[in-house]
Amino acid sequence: MKILFNNKKDDLLSRLQKQEPAAQKIFYEQNVKRFLSVSKSYVSDIYQAEDCVIKAFCKMFKSIETFRSEGNLEGWARRIVVNECLNFIKSHKTVFYIDDINPAVLEEFHDEITDFDFNAQELLDQLPDAYRMVFNLYVIEGCSHQEISETLDISLAVSKTQLFRAKEKLRKIYFQQQKNLKNEYSEI
């Protein structure tokens with residue numbers, strides 16, 4: 001591929017701000033896979049996740065002049081992808097939050113921990129949407145519970161509850177997968 005911008009991010013940014021299609025194509029190709037992965041962590045259906053990424057790129061290119069160069073361009077763009085996913089989820093009203101925590105329902109696992117490979121995205125995909133959104137915002141995006149409650153229009157307690165439940169659910173899924181793998185290996 002011909003180097004158009006001598007790999008200088010400032011040059012790419014200035015060309016993006018001039019709305020140059022070649023710069024937009026390069027930025028898209030450099031980031032689409034990563035942003036699709038981000039989108040997939042919020043929106044479980046691959047086609048809907050792709051739609052969110054496409055809409056996010058359109059917003060990025062349309063509002064690139066608002067980027068103030070105070071931070072990382074990719075970080076700014078990632079935030080647009082996350083917001084687009086959250087807007088999609090809110091508009092489809094597919095997430096329901098439950099306020100109370102019932103620790104008695106939580107099952108403790110005392111199985112031996114063994115090292116097996118696992119795919120974090122596959123684990124996250126098994127979480128209910130509400131758990132996955134709060135987990136992603138808190139753990140991956142680094143948002144506080146206050147920010148999450150404002151972003152998702154939920155109470156602080158609901159944010160904390162959803163994170164707690166997401167962690168418990170992930171732990172259960174992980175240990176169940178490990179148990180299944182251990183059983184498969186012992187049968188061989």
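Reader: How many aromatic pairs does the structure hold?
Author: This is a predicted model, so local features need pLDDT of at least 70, side-chain atom pairs count only at pLDDT 80 or more, and totals for chains, interfaces and linings use all residues. Side-chain values use heavy atoms, with hydrogens and water left out, and residues are numbered from 1 along each chain as its sequence is written. Rings of Phe, Tyr and Trp (its six-membered ring) pair if their centres lie within 6.5 Å. By that rule, the number of aromatic pairs is seven.

Reader: Are the planes of Phe27 and Phe61 stacked or edge-to-face?
Author: Planes under 30 degrees apart count as stacked, over 60 as edge-to-face and the rest as tilted. The ring centres of Phe27 and Phe61 sit 6.3 Å apart, and their planes are at 70 degrees, so this pair is edge-to-face.

Reader: Which helices do Phe27 and Phe61 sit in?
Author: Helices here are DSSP runs (H or I, at least four residues), numbered from the N terminus. The two residues are 34 apart, and the pair links distant parts of the chain. Phe27 belongs to helix 2 (residues 21-42), and Phe61 to helix 3 (residues 46-62).

Reader: Is Phe27 buried or exposed?
Author: Buried means under 20% relative accessible area, exposed over 50%, and partly exposed in between (1.4 Å probe, protein chains only). Phe27 has a relative accessible area of 2%, so Phe27 is buried.

Reader: Which residue lies over the face of Phe35?
Author: Phe35 is in a cluster that ring pairs build from Phe27, Tyr28, Phe35, Phe57 and Phe61. A charge sits over a ring if NZ of Lys or CZ of Arg is within 6 Å of the ring centre and within 35 degrees of the ring normal. At 5.8 Å from the ring centre of Phe35, the residue over its face is Arg34.

Reader: Where is Glu141, the salt-bridge partner of Arg79?
Author: A salt bridge is a side-chain nitrogen of Lys or Arg within 4 Å of a carboxyl oxygen of Asp or Glu. For Arg79 and Glu141, the closest N and O atoms are 4.0 Å apart. This pair links parts of the chain 62 residues apart: Arg79 is in helix 4 (residues 73-92), while Glu141 is in the loop between helix 6 and helix 7 (145-152).

Reader: What separates Arg171 and Glu168 along helix 8?
Author: These two form a salt bridge too, with the closest N and O atoms 2.9 Å apart. They're three residues apart in helix 8 (residues 156-187), so what separates Arg171 and Glu168 is about one helical turn.
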